[in-house]
Amino acid sequence: MRASLIAAIVVWLIVNLLEILQLIAARSSMDLGVPDYLPVLLMDIFYLLLVIFYRYNITRSESSNFVDLLWRVFATGLIAAIVALGIQLFYNSLDDSILRFNVFVNTFLSNLDKSLISVFLISTFMAWKKLILYQKNKQVVFYWKAFETMVIASIFFDLTGFTLQNDLAFQGLYIVITILAIGLSGNLKWVAYLNFRQKWISILLILLVTIYLFYFFDELYVAPITALSYVSDLDNLFLLTLFTFLLFYSVFSVLVILFNLPTSSVFERKMEEAINFQRLSQSVQTGESEDEIFEILLQSSMNTIYADAGWIELTEGEESKFIRKDISRVQISAIQEKIISSKNRTLFRKPFSTNESDRVLIHLKKSNYKTVLVVPLTVQTSVVGFMYLLNEIKDNHNREMLNIIDTFVNQASISIENFKLLEEAIRNERYKEELNIAKKVQRALIPDTLAHDDSFSIHPFTHAATEVGGDYYDSYQLSENLFSVVIGDVSGKGTSAAFHMSQMKGIYQSLVQMNLAPDEFLLRANISLSQCLEKTSFITLSYFLIDTQLKQLQFARAGHCPSLVYRNAEQKASYLQNKGLGLGILRNESYKDHIDVNQLKYQKDDILLLFTDGISEAQNKTGDEFGFDRLKKLLEENATQSPKEIQKAIINSLYAFCETRHLEDDYTLVVLKFN
Amino acid sequence: MIEIHTQNENNYLLISVKGDADASSAIHLDKVIRQAFDGPQKSIFIDCTKLNYISSAGLGVFMSYIEDITQNQINFVIYGLSEKVLNVFSILGLDQLLTIKKTKEEAISTLDGL
């Protein structure tokens, strides 16, 4: 691009040098052997290089500001005009001095003038191209390419030496190009995108450009000294077509802009509406608040119906919130009273609407404002508030305006709905995070390993249906040979169950250290829990004391599902049935009447299986329960295995029975095997 | 799903429960029993012949009336429990605190003692 400019300048200098050399040669009657066409050709190359330069320089510039483009054209013209004027002044001041008739100076200056004019013409040509091709379609591009090609080709037409006055070919070509130029001059879409002020500036700039064109034409083709009647031969098709095209397009532009002036405010409003609409729809991404959305809505709606003032009243519970524009809080109250008393109301019904979503136009008496339009604002099918638009003149509403306001209201509603959804999503995310923390905390309450010595091995397993659960197991070594093991289940599931489960853990850890008999333990736990469990909640528990020296179990059952004991001697399992009552069901001293303490001796390879009802009551698709019998049989079948293997066998069998790993209740298993 | 039907007989109020008494339906069951307790009838029978399943939440409803029953001397009788449901009641120990009868006739016979 730069190279083409430098090349143009070099070519131009060579042309000048050549002409001056030729002049010197002519004076001294010498023949340089330079053919006549060479300077002309070089000049043509100069034009071509300029076309190339501006083609890229102007069309590539990113700015889509038309006024800037016109200003640039004007500035280029101004420089060319100042230089041309300067040359004329120079001539005039020289008057009759020797320099006045110095052919070298004359040649150089006229060349400079001519080339500056051609710079202006070519740059304007490319600027006009940009304007014509704004929002182009295929057809326009096709015609423009044809036109541009012909114009560029016409650069070299002057090698033929034809003139407009004398040659039919010149005339023919000129007419063809001119017709194309006139056709293309109809493309003035850019005018529509100017605002009122820009239109005036554009008119001014283009008028000035038109004046330049006349002036430069005069410079080139009317001899400076002689009278106007003499017009030199119009010998350059390229420059001539440029003049013609530029003039046509300038005149067309000025006229079109002039005729567009009155409607430009309408177009500007439409543009503003579109922009506001976009703002409303993008407000969530740009992080604007709900209030800002309502402000945009109010502003846009007021513009639409030329309202003089307005406000939005949002009902938030008992209180109302106001978003005002050009009106005070006191005035609002006054107008609200007038609205209530006014009898002159017009309903604008929406199709299929309920009464609530109708817009009402109310005429006010004895007020600055003649009418008020009340528009309900609906978000997620409920009315959240009303928009009031005040007008100082009557009868200024039409269907189209109302439709636009509707669109604004709808878009604002969608934006606010999106806001709410986003907030909800964030809140849910936080809850999820909190639940995860609760899960970790609860996980820490449930021991991974249980207290035991060499005389028995024990393996626990638990799984909560949701993040947190209500199942519980724990153990404690009371003395060298005495161990406490507990399993429990809180009624219900989820968060409330998890809270009660952690209370149970606290109660167990406090009471167990007192080394109580199982029934005493349950009695005290019942008293403690009676203080903190809500009325419909209860906890079931099985409490075991294992004496490894006496090889004896002592146990009590607080309404928990009966535990399973496998006797290796008989190779049979059975449930430990005894009387019991869930904790928190009977909240007084009489609780102890409803529980039993039992004890039994154990032998080597006997197994104690503790579990929660999440296992025995697990259902498959047809509604069958896993059941006590199945569990018993499974234990008998796997009795030779280690506690961990027994646990795995039972859980796998449970999953197979339910045909899923996602059970509806929490489920827990503790397997204890005596050595 | 649960279907609860209340019927005023001569000398007792009959509440028939059908379906599953789980966490979601326990509230309805509680509401109906609450109304019965607030009413004048001193004998309340719960017909559980068609009660298919009861969860801990359902048990919690019955459990919460135990105090009311003794304090207000209500003749509160549950009858018609399936083996499965009865087992759930007795594991928890509620059979010790609530009057549970096999059939309607047995339930009605409790009226004689009053």
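1. Start with two helices of chain A: the crossing of α3(A) and α7(A) is left-handed, a label used if the near helix is turned anticlockwise from the far one by less than a right angle, with right-handed for clockwise. Helices here (H or I, at least four residues) and strands (E, at least two) are DSSP runs, numbered from the N terminus.

2. A word on the model before going on. It is a predicted one, where local features need pLDDT of at least 70 and side-chain atom pairs count only at pLDDT 80 or more, while totals for chains, interfaces and linings use all residues. Residues are numbered from 1 along each chain as its sequence is written, with chains lettered from A and ligands numbered from 1 in the order in which they are written.

3. Back to the helix pair. Helix α3 (residues 66-94) and helix α7 (residues 196-221) of chain A pack at about 30 degrees, their axes 9 Å apart; axes are lines fitted to C-alpha atoms, for helices over the stretch in contact, and angles run from 0 to 180 degrees between N-to-C directions. α3(A) and α7(A) are therefore roughly parallel, meaning an angle under 35 degrees.

4. Who touches whom? Among the residues in the contact are F66(A), W71(A) and F74(A) from α3(A), and I201(A), Y212(A) and E219(A) from α7(A); contact means C-beta atoms, placed from the backbone, within 7 Å. The contact residues divide into 15 nonpolar, three polar and one charged. Ala, Val, Leu, Ile, Met, Phe, Trp, Tyr, Cys and Pro count as nonpolar, Asp, Glu, Lys and Arg as charged, and the others, Gly among them, as polar.

5. Now the sheet: six strands of chain A form an open, antiparallel sheet in the order β2-β1-β6-β5-β4-β3, with pairing called when DSSP finds at least two bridges between two strands. β2 and β3 (345-348) of chain A are at the edges with a single partner strand each, so one side of each lacks a neighbour in the sheet. From one strand to the next, the twist averages 20 degrees.

6. Inside that sheet, β1(A) pairs with β6 (residues 382-391) of chain A over six bridges. I312(A) stands opposite M387(A) in β6(A).

7. Last, two loop residues worth a look. Y306(A), between α10 (290-304) and β1 (309-316) of chain A, is not a glycine but has a positive phi of about 55 degrees. D326(A), between β2 (319-325) and α11 (329-341) of chain A, is also not a glycine, and its phi is positive at about 60 degrees.

Definitions and conventions: Parallel < 35°, antiparallel > 145°, perpendicular 65-115°, else oblique. Contact = placed C-beta atoms within 7 Å.
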